[in-house]
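Biologist: I have a structure on screen and would like to learn to read it. Where do we begin?
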Amino acid sequence: MVEMNTGVLVTQALRRALETMAFMGVVEDDVAAAERVPEEFLAAAVDFSGPACGTCRVALPKALGRTLVQNVLLEGPRDEGQVADAVQELANVVCGLLLPMLAVADEPTFEVTVSRREDCRDRAVWDRLARGEDTQWARVDGWPVAVQCIVQGQGG
Amino acid sequence: MARTILVVDDSTLTRAAIHHMVEMLELDVGEILEAANGREALAVLADRPVDLILADLHMPDMDGCELVHRLKTEPAYAAIPVVVISAECNPGRLERLRAEGVVDFLHKPFTPEAFRATLEQNVEWCRG
């Protein structure tokens, strides 16, 4: 069994991840953030299975990804790959924080995949996130951050 | 005696962050080696003696669970302390890893203070 009302939990997970990893404050539930479409953005996703099956996805502007690296390492990213890597790690951490909150049972026995980068060359990807009912929006350093948690079904 | 630490994580960001934190602790560490997965870690270990392993769990190619199993069943590596640093949320898996010989877990995201405390509690030469 999982708690299906995930919106608040998703933004809590994002807040804790960014505050702890990078000392970055999060303005939660900022639907207007979705309207600020970035020139370039990055996305990463983790699939999970167990008490529920689904996908946890994080998308943010590349400029914010660079700030994330800067805050974690106290120096700028060495290359663009490290910026994309930071978003993958953020998705991994957010998913790791979120799943125990979703589980009603005492012991969450989720399995998760390795975090993967997603193709962000197409603006339509951002638009789909913006339209998604399961997407939560937050604002970080003035930039929009989307966290999408799609629960596809209850597991065993 | 300067020690050698091996950091095993597929995230370059996390490897770099741990590198910084180890430097901040001012431990007697001569070298910090890095590997992106379990297979790379075993290749490093075949070539270099290591005093402490900090390993993620979810990695491509060979994950941290397989790495720990290989380490703890290989006499040459079994005594090397392993601290798992992961976003893992499955308590059963963590218990199995502890039973295999992992000394402690540090959950991502973590602060420099938590990192310091975990090393100091579990690795004698990390105590100030």
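Modeller: Begin with Gly128(B). Gly128(B) counts as exposed because it has 7 C-beta neighbours inside 10 Å. Keep in mind that this is a predicted model.

Biologist: Where is Gly128(B) found?

Modeller: In the segment after helix H5 (112-122) of chain B. Compare its position with Ala79(B), 49 residues apart along the chain: the two C-alpha atoms are separated by 22 Å.

Biologist: Next, the sheet of chain B. How do I read the strands of a sheet?

Modeller: Strands of a sheet pair through backbone hydrogen bonds, either parallel or antiparallel. In chain B, five strands form an open sheet with parallel pairing, in the order E2-E1-E3-E4-E5. Strand E2 (29-35) and strand E5 (104-107) of chain B are the edge strands, and each pairs on one side only. From one strand to the next, the twist averages 20 degrees.

Biologist: How many bridges join E3 to E4 in chain B?

Modeller: Three bridges, between strand E3 (residues 52-55) and strand E4 (residues 82-86) of chain B. Find Leu54(B) there: it stands opposite Val83(B) in E4(B).

Biologist: Which strands does helix H3 of chain B lie across?

Modeller: Helix H3 (residues 64-72) of chain B lies across strand E1 (3-8), E3 and E4 of chain B. H3(B) runs at about 175 degrees to E4(B).

Biologist: How do I describe two helices that pack together?

Modeller: Two packed helices are described by the angle between their axes and the distance between the axes. Take helix H2 (residues 38-47) of chain B and H3(B): their axes come within 9 Å and cross at roughly 30 degrees. Angles under 35 degrees count as roughly parallel, so H2(B) is roughly parallel to H3(B).

Biologist: Which residues make the contact?

Modeller: H2(B) brings Gly38(B), Ala41(B) and Leu42(B), while H3(B) brings Gly64(B), Glu66(B), Leu67(B) and Arg70(B). By class, that contact has three nonpolar, two polar and two charged residues.

Biologist: Now the two chains. How is the size of an interface given?

Modeller: It is often given as the accessible area lost when the parts come together. Here we can count residues instead: 24 residues of chain A are in contact with 21 residues of chain B. On the side of chain A, helix H1 (7-22), helix H2 (62-73) and helix H3 (80-102) each give two or more residues. H3(A) gives the largest share, eleven residues. By class, this side has 14 nonpolar, six polar and four charged residues.

Biologist: Which residues touch the most other members of the largest nonpolar core?

Modeller: Of its 80 residues, they are Val58(A), Val87(A), Ala91(A), Val94(A), Cys95(A), Leu98(A) and Leu54(B). The largest share of this core, 13 residues, comes from H3(A). Leaving aside neighbours within four places in sequence, Ala91(A) has contacts that include Ala44(A), Val58(A) and Ser115(A).

Biologist: Which residues does a cis peptide bond join?

Modeller: Lys108(B) and Pro109(B), with omega about 0 degrees. Pro109(B) is in the loop between E5 and H5 of chain B.

Note on methods:
Residues numbered from 1 in each chain as written. Chains lettered and ligands numbered in written order. Predicted model: local features only at pLDDT ≥ 70, side-chain atom pairs only at ≥ 80, totals over all residues. Contact = placed C-beta atoms within 7 Å. Helix = DSSP H or I, 4+ residues; strand = E, 2+ residues; numbered from the N terminus. Nonpolar A, V, L, I, M, F, W, Y, C, P; charged D, E, K, R; others polar. Pairing = 2+ DSSP bridges. Axes fitted to C-alpha atoms, helices over the stretch in contact; angles between N-to-C directions. Core = buried A, V, L, I, M, F, W, Y, C linked by C-beta atoms within 7 Å. Buried ≥ 20, exposed ≤ 12 C-beta atoms within 10 Å, placed from the backbone. Parallel < 35°, antiparallel > 145°, perpendicular 65-115°, else oblique.
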